[in-house]
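The sequence and the structure follow.

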Amino acid sequence: MDFAFDNSFHDAMEGFYAPAEAAKPSAPALLAFNPALAVRLGIAADGASDELLARIFSGEEMPGGANPLALAYAGHQFGHFSPQLGDGRALLLGEVIAPDGARFDLQLKGSGPTPFSRNGDGKAAIGPVLREFLVSEAMAAMGVPTTRALAAVATGDRVQRERAHPGAVLTRVASSHIRVGTFQFFAAHFGADHVVQLSDYSIRRHFPDLADAANPHLALLERVIGLQCELVAHWLGVGFIHGVMNTDNVAISGETIDYGPCAFMDRFAANTVFSSIDANGRYAYGRQPQIMHWNMARFAEALLPAIHAVDANDVETAKAMIAEVPARFAAVWHSRVRKKLGLAEVHDGDSVLFDTLFAELERHQVDFTLFFRGLATMLRGDGAELEAQLPDPDAMVPWIADWWERLARETDAPLERADAMDTVNPLYIPRNHLVEAALGASEEGDLTAWRELLEVVRHPHVRRDEWALFEAPAPTEFGPYKTFCGT
């Protein structure tokens, strides 16, 4: 297999990582491979046996041109600064150049200890590996910026957590693994020169158009803020809760990264929390915009030495950028809600219409995903699907009347609106009860349900009659849902 590695971080950023090697698995076996993603990356996997794929994507066999390394980074975890974290169970194999010229990292997760493991085993269990594979592919299919999963391989070893689990390794693909926490590490330990070097590299790699800005580091801050606003608006739009928005889990590329205790809402509630370690609801659904703002403030702090080195006056500009984040996010979020509601224009009173909608969804405990699909079906002349989501037929009549009035202020035909709504409002999401059932069976060696669910969530927008069971929210007996970080 030819990977055509071109490892710019390894070659240009010595001192920003530690060389590392993968542990040898006892009996690697391929669980899943993503051939479409391999084609996107320009990896010639056609004809490769499952055994070869398992050896390469478990770390047993290093592909030619790989320069395995563990990245250094710090991070605020639940608001508390940890000055050294780093890739404790991940190994960056290198970078590949796709046929269109795009550059991507290939990283193994769960491949064994590194210099940053902090007494951990560096391993991963099959459940978190298959969860990340499944959810990241669902997010990609919904158009949410995300890292991707190329392969999942069982190691043949047991991983001890609260009990012993089958071990596995995930191959993650990302535009890069540079995080807010990466900047924090070098700002805290080394100072301006290293921050400038990291910022310059990030601009060359991700945003070359910023190189000629008057202050490229300030321009980098502005660009990353914009990407994070777009990303979190995407999350809210599909009912996704990341669960652990620590600064070491914030990629400057604007991709969703680190699917640990993530989950999707069924019934709408702004304070929804699934993570077992988020006791105070810091990363609840409705708090994600505020945490994004907080994380961007930490990014600005880490970048300040580089910004100041170009122009001391730009420090005040950076502060102003951070102060403007809530308003900037609100504009992005309102644009996304308009698309969800079939609206194309900006009108006075939209924010009231939107705020009232979410208050009503919460008051009536409406399923978030199915509500928006029901609105589109109503535009097609059938209100039964929407009524089925409400506690009684009159539950949201005043809001629906306001929505109809707002629709009438634009000229698009109802069927055109409904079709447009269905392209942004998924029907099939990784419902928590289905995910748990699939992961439980997978741990016992049966991936049938997991593979079926993966196929469904890769096609989230168009209804198929044979997938009716995948639409429904969790049954009552499923009870309260808790997720775990999986480390």
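Which residues gather in a patch of negative charge on the surface?

## Basis of the model

The model is predicted; local features need pLDDT of at least 70, side-chain atom pairs count only at pLDDT 80 or more, and totals for chains, interfaces and linings use all residues. Residues are numbered from 1 along each chain as its sequence is written, and side-chain values use heavy atoms, with hydrogens and water left out.

## Negative surface patch

The patch of negative charge consists of Asp-382, Glu-387, Asp-392 and Asp-394. Patch members have over 30% relative accessible area and no salt bridge, and like charges are joined within 9 Å. A salt bridge is a side-chain nitrogen of Lys or Arg within 4 Å of a carboxyl oxygen of Asp or Glu.

Asp-382 is located in the loop that separates helix H12 (368–379) from helix H13 (384–387); helices are DSSP runs (H or I) of at least four residues. With 39% relative accessibility, Asp-382 is partly exposed (buried is under 20%, exposed over 50%, partly exposed in between, with a 1.4 Å probe and protein chains only).

## Aromatic pairs

Rings of Phe, Tyr and Trp (its six-membered ring) pair if their centres lie within 6.5 Å; planes under 30 degrees apart are stacked, over 60 edge-to-face and the rest tilted. Trp-235 and Phe-240 are edge-to-face, because their planes stand at 65°, with ring centres 5.6 Å apart. Trp-235 is buried at 4% relative accessible area, and Phe-240 is buried at 0%.

The pair Phe-478 and Tyr-481 is tilted, with planes at 35° and centres 5.6 Å apart. Phe-478 is partly exposed at 27%, whereas Tyr-481 is buried at 10%.

Key
Patch = residues over 30% accessible without salt bridge, like charges linked within 9 Å, V, L, I, M, F, W, Y side chains within 5 Å. Areas by Shrake-Rupley, 256 points an atom, 1.4 Å probe, with all protein chains shown as cover. Lys, Arg positive; Asp, Glu negative; His and termini not counted. Charge placed at Lys NZ, Arg CZ, Asp CG, Glu CD. Helix = DSSP H or I, 4+ residues; strand = E, 2+ residues; numbered from the N terminus.
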